[in-house]
Amino acid sequence: MSTRSVGAPVQRREDPRLVRGDGRYLDDLGHDALAAAFVRSPHAHARIVDIDVTGAIDVDGVVAVWTWEDLQATGTAADPLPMLLPHPSIEHPVTTYALARERVHHVGQAIVMVVARDRYVAEDAAQRVRVHYDVLPAVVGVEAARAAEHLVHEEAPGNVGAYFEQHLGDAPGRIAAAPHVLELDLDIERSACMPMEGKGILARWDAEEHRLKVHASTQTSTGLRAALAAKLGLSLSAVEVVAPDVGGGFGVKINHPWPEDVAVAAAAMRLRATVKWVEDRREHFISSAHERQQLQHVRVGFDDDGRILGLEVQLWHDHGAYLPYGVIVPLNTATHIPGPYRMRNFSVTFTSLYTNTVIVTPYRGAGRPQAAYLMERTMDAVARTLGKDRAQVRAVNFVQPEEMPWDLGMVLQDGRMGVYDSGDFPASLDKLKALVGWDDFEAYRAQARAEGRQVGIGMACYVEGTGAGPYEGGHIEIETGGRVNVSTGLTTQGQGHQTVFAQIVADELGVKVEDVHVTTGDTRRMAYSVGTWGSRGAVMSGNALLLTARKVKERALQIAADALEANPDDLEIVDGIVQVKGAPTTQIPLPMVAVLANPLRYAFDETARAATQFGGKVDESKPPVADAEHPGLEDSEFFSPVRTTFANGMHAAVVETDPDTAEITVLRYCVVHDCGPMLNPMIVEGQVHGGVAQGIGGALYERLAYDGDGQLLNASFMDFLMPFATEVPHIETDHLETPSPLNPLGIKGAGEAGTIPTSAAIAAAVEDAEGIPITRMPISPTDLWRLRREHAADHHPEEK
Amino acid sequence: MKPAPFVYHAPADVQETLELLAELGPEAKVLAGGQSLVPVLNMRLASPAHLVDINRVAGLDEVTVEPGGVRVGALVRHAHLLSHSAARTAQPLLRQALRWVAHPVIRNRGTTVGSIVHADPAGEMPAVLALTDGHVLLRSVHGDREVPASSFFVGPMECCATADELAVEAVFGRFPPGTRTGFSEIARRHGDYALAGVALALRLGDDGSVTSARASFVSLTEVPDVLDLTDAVAGATAADLPGLAGRVEEVVGGHVDPVDDIHASADYRRHLAVVQTHRLLDRLTAGEDADGTVRLPDAPTDQEVTA
Ligand SMILES: Cc1cc2nc3c(=O)[nH]c(=O)nc-3n(C[C@H](O)[C@H](O)[C@H](O)COP(=O)(O)OP(=O)(O)OC[C@H]3O[C@@H](n4cnc5c(N)ncnc54)[C@H](O)[C@@H]3O)c2cc1C
């Protein structure tokens, strides 16, 4: 028997190449390409009075200088960019143009594109473009947007882009009748994906083939392909998009077309050239996308045990200057608030607001961290009010395992009903308490206090809709040399797909993992795909490839059975050899099966000789390729689940806060995670670790510091503080593996898990250490120090 | 993030460098480790027409320990000075402070003299130069100037060197035997520029009471002025310090002049100045390890409290 690789911590096959520096990222391609640079708005809100490009045109090496007018010659490139995800809640959808037309709505918006011999020349020329602005008042932050003293877009009164409400049961009635009622105002700030490699596109117009050939640093090559074909007026078959190695995505590379995609591809077409744009870090800060900012108001009614009787929530979500990606983020927040708890009387509204800042699109977690933050801050407040153990208050509210499937009663962002398919929340909580030593913490606190140290502990639970449809596909081809080529359409940004997909296929086909070669994100290989987001890669493409492998295996066994004159049911494939179960000497290697699957006319080589029509015994009664068959040992299959599967997890943090300096140190961080059976535990843990690191960034370090004029004050890695390895504690993990009934592998997504409850867990731990309510995240030492002083002044006003 | 065009010069010796600087004038910038200058060029915050790269200039990469001080050549990298045992014995503050300068990869290229000429109020080495009563040797085709730290730093990111001058070396002073030194810093992340940092030099009398105490600050003053704390703590022993807390707070709080920025409020930085000064005073009078680098458990223990 072959040993199964699924479930084993198989080492990442992509790493030797990547860590040796042999990766091929976008900027490694197209060295001879023309380079594009953009003139971007220095103002958050302005009318463009005049653009003077004469100084730029004169620069030696400049090939083209384009403003919005120049886009009009190409397809619909001059029209507003599409609103990708319409939703009934969207009242005033506004999207931008590829190059600004008449107005700019955030600092960093592209106005003029310069195409030149290289990026240096392009930037020199861009600097010489003169734009005259009539500066208008900027709307920055939720408060200002809500106040609507100024409007971001005339067509969006009150700065409202979308309004949504959903009511389950009778929350106001239950709250009115509840023994205890609490109200909370919560605030969570912006952060951003910050992949190591920014966005980028390399577009080549092949004049002979009349095709646009694109490489892009993207999370969806099929999405970009469709977007470009539509904007440039090309048939889909005239556009191909390939994602080379992509240096991280985390959400920001899903929303296409970006303005630069359209402008650069249009330039490649019009100039009949190869044009490249590689986003630099400053551009990434001021012109791609951010996430997270919300103000939240909570009203909760509960009984003496902490059982929540009714919950009313209002959210105000800052979506930035435009709304190209719809309301996915606030919708995810709204639908993930109930978390692992029974919430039968729940009302939620959100108002999604325009501001003169960079747009908001999903960032790892995509609205769910805000939901976990809201619910878990609420649970802690309930426990504090009752003087009860925070774990216990959570436990009394849990959906029980025997209640699965649990109907959430809400439609999710994918347009389908939310139903929790699996999970055992009490068991997960027990594991977490054991892992972190929850019940022994008071002894530790006392010991620390005796040493003059101040420590605190917090926990946070969440569920996460993962692996949403509509579909992904797989294609598998077994070559006559034994190489197994696997392709799936979604893209890879470091998740380890080359390893995990190979494991699934190798196990199912009975071949070695080393013989399986996985290609992702290449529209030439797989034209139908949705993309990589929402913790869906393994669930969607993993299952699609499992189904594909089954189909290919079935065919291989049939061909082998004919050759061996055996019954296919009696055959198995072990290490690439088809053999009779129990009589392994009766065998035929898989490469030979591949040869037999492709009856050829010409004998190019030895294997082909064996396959030619004239090579062997001919059965005159049958055609060379049987009915309903196709030549070659290859096939494709798609997987489309009925609905989203729900992963879940629970985190606990132990922090120390310095009594003098207010420095916050995370001493321990524990994670219990349930994504069903783990295909590769090492990769799951890697995903959790990376997610927690980003979560810690969002909790303690990162924010996007806009001033009142809409200038981003920390648009560099000098001032936008992502945690270093020195700031991320050792992460302790444990797993529960409750299988999902929704897919053949029984798996749930794991990609975003680490990020979702981190701010909530750390807020809880800081609150526990300090005895001061924490309602605004992230929190830095200067914030904590100010809170301490405000708190002291409130409690001992005479000392102020 | 590509620099504007510039002409690149790579002189081989000091004389050639000085001639180039004299000829090119304010249009030229010296390129040393590039760790501050290159980001500035890439962001086009400056676009000098000429860069004079001194990395091939011979004779500038030496550390020399002399009775009068530690001479550090213009091409001595932070990492080199940090690991120089004779330099650290002669002036313990060098190592105590240098380990807070950025990260190893940056210390491998960045020069100590470059960071002094750069005159960033958030830089550690200007504060050390000031506290040690050091000086900088400036050289041009017109001759040499030896400028003491007290007049070298003119304002934030501004020193008194003129465009035609090359800083040939910085000389850190040595303290009299028995001086105890310590350096403390708080940054947002490990290796970041300080939110607030304090360098302290303390002398005790035979009875263990303070006879002199001087401090300089990082990210807290526009230029690294030295604060003489002697009046506030003279005669105090370790046991007396808690009683002097108010006085220290008054003196330090009055001396430093931090500003609000996105990372910390001015009030908080001032508070950190006071807390860290207290901590250093406590440790140095008690004779404890005054390193203040608790976050580096793997670093060798230093014998830096010289009694
Ligand atoms: C991520 C990062 C973090 C950092 N963190 C810190 C930190 O915590 N603390 C800190 O102090 N520094 C920090 N630095 C800066 C670092 O220490 C620099 O190396 C130093 O400030 C400048 O030295 P340099 O040799 O790189 O100078 P360069 O960048 O080459 O030059 C800086 C300036 O000094 C001038 N100059 C340099 N040498 C001479 C000379 N001999 N004569 C005349 N003019 C000269 C140049 O013309 C230029 O104007 C950091 C840098 C980075 C990139």
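**Notes on the model**

1. A:Arg40 touches A:Gly108, A:Gln109, A:Ala110, A:Ile111, A:Tyr133, A:Glu260, A:Trp277, A:Glu283, A:Ile286 and A:Ser287, leaving aside residues up to four places away in sequence; contact means heavy atoms within 4.5 Å. The residue is found in strand S1 (residues 34–40) of chain A, where helices (H or I, at least four residues) and strands (E, at least two) are DSSP runs numbered from the N terminus. With a relative accessible area of 13%, A:Arg40 is buried; buried means under 20% relative accessible area, exposed over 50%, and partly exposed in between (1.4 Å probe, protein chains only).

2. The side chain of A:Arg40 also has polar partners. It reaches the backbone oxygen of A:Gly108 at 3.0 Å and makes a polar contact with the side chain of A:Glu260 at 2.9 Å. A polar contact is a pair of N or O atoms within 3.5 Å; within protein, one must be able to donate a hydrogen and the other to accept it, and residues adjacent in sequence count only if both atoms are side-chain atoms.

3. On provenance: this is a predicted model, in which local features need pLDDT of at least 70 and side-chain atom pairs count only at pLDDT 80 or more, while totals for chains, interfaces and linings use all residues. Residues are numbered from 1 along each chain as its sequence is written, chains are lettered from A and ligands numbered from 1 in the order in which they are written, and side-chain values use heavy atoms, with hydrogens and water left out.

4. How many residues does each chain bring to the contact between chain B and chain A? Chain B gives 24 residues and chain A gives 33 residues. About 2,600 Å² is buried between the two chains, 57% of it from carbon and sulfur atoms; buried area is the accessible area (1.4 Å probe) that two parts lose on being put together, summed over both. Of the area that chain B buries against chain A, 29% is supplied by B:Arg188, B:Arg189 and B:Ile262, more than by any other three residues.

5. The rule finds 5 salt bridges across the interface of chain B and chain A, a salt bridge being a side-chain nitrogen of Lys or Arg within 4 Å of a carboxyl oxygen of Asp or Glu. B:Arg279 forms a salt bridge with A:Asp660, with the closest N and O atoms 3.3 Å apart. Helix H12 (residues 266–286) of chain B gives 6 residues, the largest share of the side of chain B that touches chain A. That side divides into 11 nonpolar, 5 polar and 8 charged residues; Ala, Val, Leu, Ile, Met, Phe, Trp, Tyr, Cys and Pro count as nonpolar, Asp, Glu, Lys and Arg as charged, and the others, Gly among them, as polar.

6. B:Asp192 is found in the loop between strand S11 (180–187) and strand S12 (194–204) of chain B. It counts as buried at 11% relative accessibility. Leaving aside residues up to four places away in sequence, B:Asp192 touches A:Leu721, A:Phe724, B:Glu185 and B:Ala187.

7. Over all chains the count comes to 12 aromatic pairs. Rings of Phe, Tyr and Trp (its six-membered ring) pair if their centres lie within 6.5 Å; planes under 30 degrees apart count as stacked, over 60 as edge-to-face and the rest as tilted. A:Phe164 and A:Phe350 are stacked, at 5.0 Å centre to centre and 15° between the planes. They link distant parts of the chain, strand S7 (residues 160–168) and strand S15 (residues 346–354) of chain A, 186 residues apart. Both A:Phe164 and A:Phe350 are buried.

8. Why is the pair of A:Tyr420 and A:Phe646 tilted? The ring centres are 4.7 Å apart and the planes are at 50°, so the pair is tilted. A:Tyr420 is buried at 0% relative accessibility, and A:Phe646 is buried at 2%.

9. Two backbone items deserve a look. The peptide bond from A:His256 to A:Pro257 is cis, with omega near 0°, and another cis peptide bond joins A:Met404 and A:Pro405, with omega about -5°.
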